[in-house]
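Here is a short tour for someone meeting this fold for the first time. Have a look at the sequence and the model, then read on.

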Amino acid sequence: MNNPWEDIKLDDYENHMSLDSVKQLQTMNAIMKEQFEDYPVDTAMIFGIAGGNGLEHVSTEKYSKVYGVDINKDYLNAVSERYKNLFGVLECLQIDLINEKEIIPKSQLVIANLVIEYIGYQAFRDAILRVKPEYVSCVIQINKDDHNWVSDSPYLHAFDRLDEVHFQMEEQGLKKTMEEIGYQVLTVESYDLPNGKALLRIDFKKKMKYEEVYLSEFSDVFYVEEKNVARYIYGIDEVG
Ligand SMILES: C[S@@+](CC[C@H](N)C(=O)[O-])C[C@H]1O[C@@H](n2cnc3c(N)ncnc32)[C@H](O)[C@@H]1O
């Protein structure tokens, strides 16, 4: 059995997401703009890029490489066609994040919006361990009603099979997963949507290891704040 996302037409997904009653395409676009701008990185990877909503905010002065990862080849073809201006920077990769994570390249930032719901915490965690990003910025959907997690719309039947791969997300579950692999929470922000749903953006940063804290004492670049965080986490008092 193939993954249900491989059978969902991009038009159906985007038309559903941009309905007034759903309003997620517009909200996600604004969030993506901030995600691209917020961190001092020059490589980014988007898990579950769909049609590339938000890619117009990629600055080619800031980014040398932006990877778009998705399981659906047609989505990736549409992204390449839509963002020809990002030629040389944007690289689209057809990867199943559950079963093929060993082929994912490294990147300093991972953006994972509304995709952990479809791969689960365990596969997400394993993919992050492969990519080894410094920063991870995620958006998950919080539903007050567990049974109707897809909003009502004329396109609803396009999503009938998503039940097979859907995991209900929770703030604490995601934080715990990331903390177990050495990431600390940086920020949490909530965006209310129609229909009793909300989007939660949670950003993480990789914790520094003892040796990195120690070495950074001798570095020209002196990250006081990061060292204080590492001291707090690892209880290191003897450094500096
Ligand atoms: C709900 S859409 C989110 C799209 C976009 N990030 C956004 O915020 O609008 C989920 C995306 O994840 C992709 N996806 C789902 N399961 C996947 C998997 N196992 N591996 C790679 N991509 C997957 C889907 O094809 C789809 O493009």
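## Strands, core and ligand

In β7, Leu199 is the bridge partner of Gln141. This is a predicted model, where local features need pLDDT of at least 70, side-chain atom pairs count only at pLDDT 80 or more, and totals for chains, interfaces and linings use all residues. Residues are numbered from 1 along each chain as its sequence is written.

Here are the two strand pairings (strands pair if DSSP finds at least two bridges between them; strands are DSSP E runs of at least two residues and helices are H or I runs of at least four, numbered from the N terminus):

| Strands | Sense | Bridges |
|---|---|---|
| β4 (residues 109–113) and β5 (residues 135–143) | parallel | 5 bridges |
| β5 and β7 (residues 197–206) | antiparallel | 9 bridges |

Val110 sits opposite Val136 in β5. Together, β4, α4 and β5 form a right-handed β-α-β unit (with the strands pointing away from the viewer, the path from the first strand over the helix to the second runs clockwise).

Val110 and Val136 turn up again in the largest nonpolar core: of its 53 residues, they, Val69, Ala112 and Ile116 touch the most other members. Such a core is a set of buried Ala, Val, Leu, Ile, Met, Phe, Trp, Tyr and Cys residues joined through C-beta atoms within 7 Å, buried being 20 or more other C-beta atoms within 10 Å, with C-beta atoms placed from the backbone.

What surrounds the ligand? There are 19 residues, and the closest include Trp5 and Gly48 (C-beta atom, placed from the backbone, within 6 Å). Both β2 (65–70) and α4 give two or more residues to this shell.

Note on methods:
A residue is buried if 20 or more other C-beta atoms lie within 10 Å of its own, exposed if 12 or fewer, and partly exposed in between; C-beta atoms are placed from the backbone.
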